[in-house]
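Have a look at the structure first, then read on.

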Amino acid sequence: MATPLEKWVEEQARLTRPARIHWCDGSDEEARRIVEIGCREEKVNGQPVFQELNPDAFPYSYLHRSHPTDVARTEHLTFVCHPDREEVGPNNNWLSPEAARSRMRVLTDGCMAGRTMYVMPYLMGHPDSPYARACVQLTDISYVAVSMRIMTRMGRPALERIGGSDDFVKGLHSVGDFNPERRFIMHFPEEHFVWSVGSGYGGNALLGKKCFSLRIASWLARSENWLAEHMIIIGIEDPRGRITYVAAALPSACGKTNLAMLESTLPGYRIWTLGDDIAWLHVGPDGRLYALNPEAGFFGVAPGTSLRTNPNMVKTLQAGRFYPTLFTNTGLDVSRNAPWWEGLDETPNPRLDWQGRPWKEGAGPAAHPNARFTVSAQNCPTLSPEYDNPAGVPISAIILGGRRTSVAPLVLQSRDWLEGVCLGSIMGSETTAAAIHQVGQLRRDPMAMLPFCGYNLGDYLGHWLRMGESLKEPPAIFFVNWFRKDGGGDFLWPGFRENIRVMKWIIERTAGGQGNGAAETPIGLVPERSAVNLDGLDLAPGAWKELTAVDRNEWRAEITTGREFLAQFGDRLPTRVREGLDRLDRNLG
Ligand code: OXD
Ligand code: MN
């Protein structure tokens, strides 16, 4: 008798008609074989899927050049398909499940002809964790098959968890013909199913990541009383050896990976990495909030990553412990056959651009601004020993943030959970290259979840409020902004490794002491100068004052435009958020 899993795979194969079906075991040997196929047989846009790179520069590394139209998440082609449009909310594109299914059936009919269908059973979360989920993704390209091995726990433990049940998250993926006109990423939350065609890009095609661990998981989390969030998880060790765990949400390409691996400039402080993109947060048996990272690897932005900005990521990429490491749409240092991107230490000559063309002065960047690496967490020198703790780690602070060249202070502590949720609901960030849209526009991005919350964002804010009530003592909520500029357009704060100074203030606040380390503003608490270690920093005169300034007029305008943004959620917006924002507005005078 076929199991539900076998039946489902058979059904998908009848629709997509692959030449071969390969059940992945997630082994090293298998990954090597699939990479070999990508190097020798398969092509994207006329070029091999993988090109082997110089192992002396980056061990086990391969370059993938995507289809030129397929370089970032395509939010306008991403849908949540549910019978009730209101449930999905204005924050998502909506289609009825029937309409979506018939559209996708046409696009998927025979789409794997002549290709191999890879069947990938995987877990999001540690095999021993009660919070882990079993999933199966099908794909027809080696790049995605190998990326999934890096980013998830693939193989037998997932099959064991599924057994003869139908309880697994399903993902059907095909690159189709890469035509953006025939590209869609459809989510069916009631069926725990994601159906993606036409793109090989990480956020569109590695279905365990944004599609399941955020969009579908956020539906599960709402009804099961937990949170699926776009957050890093780190432990901050102080000179006494005490480790405080925090989770931080920042929009895509705003330095999450750098913060997750920060190498401290303050003696005695050190960061332990648990996750760089997604956190699942549960109420633990002791009533505290516990976080775990469902992923097993990092899919990070390459440009700007260097020994200066993120030495631990460079070490991760060079560790060579886990096979393989992928580079996508970076440039190429021709003489060394090594990946290269803007911001990496030396500037080689000659180089190829991300499409494999000779790079010329004035021709724009060699690496695509959203060029990525895909690398196992096992390679990370700062990986926390708690990363594999099936229960997760207790969270003392939640940090929210964005890229704001003005208005938002370097760091602000909310007075309580409600005010934190209210400010989080209107938080804004200037857009980056991680998704297809105009870069540098201010967009409201509540909890950095706007592109990832799979249901009505008004209800999501209500869920946050309820979560606060489920916790014995909710973690303090902080806001950070490393990107504030002065009148001349220069950054006021050095950022990167120096951000440890802000993290130190944050953990000291959560430890309960430092009563006089903060100054009241109408919207929360900012650090007093004396409470932050600024030794050895070359801040411009007046910079600290500007960095911590909360301008009443700017913030009144901020709340007004935030309210305008929230108006689209109508009566799904919790009254308490509305009233909380009114109160903050009144505080501003
Ligand atoms: C990512 C993103 O890839 O947020 O993590 O776009
Ligand atoms: Mn992300």
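Trp417 and Trp464 are both buried (buried is under 20% relative accessible area, exposed over 50%, partly exposed in between, with a 1.4 Å probe and protein chains only). This is a predicted model, where local features need pLDDT of at least 70, side-chain atom pairs count only at pLDDT 80 or more, and totals for chains, interfaces and linings use all residues. Residues are numbered from 1 along each chain as its sequence is written, chains are lettered from A and ligands numbered from 1 in the order in which they are written, and side-chain values use heavy atoms, leaving out hydrogens and water.

Across the whole structure, a search turns up 23 aromatic pairs. Rings of Phe, Tyr and Trp (its six-membered ring) pair if their centres lie within 6.5 Å; planes under 30 degrees apart are stacked, over 60 edge-to-face, and the rest tilted. Phe50 and Tyr62 make an edge-to-face pair, because their planes sit at 65°. Phe50 is in the loop between strands S3 (47–48) and S4 (51–52) and Tyr62 in strand S5 (residues 61–64), so their pairing ties together parts twelve residues apart in sequence. Strands are DSSP runs of E with at least two residues, helices runs of H or I with at least four, numbered from the N terminus. Both Phe50 and Tyr62 are buried.

| Pair | Centre to centre | Plane angle |
|---|---|---|
| Phe50 and Tyr62 | 6.1 Å | 65° |
| Trp417 and Trp464 | 5.4 Å | 25° |

The tryptophan pair is stacked, and it links distant parts of the chain: Trp417 in helix H11 (residues 417–425) and Trp464 in helix H12 (residues 457–470), 47 residues apart.

Elsewhere, ring pairs join Trp8, Phe168, Phe188, Phe193 and Trp195 into a cluster.
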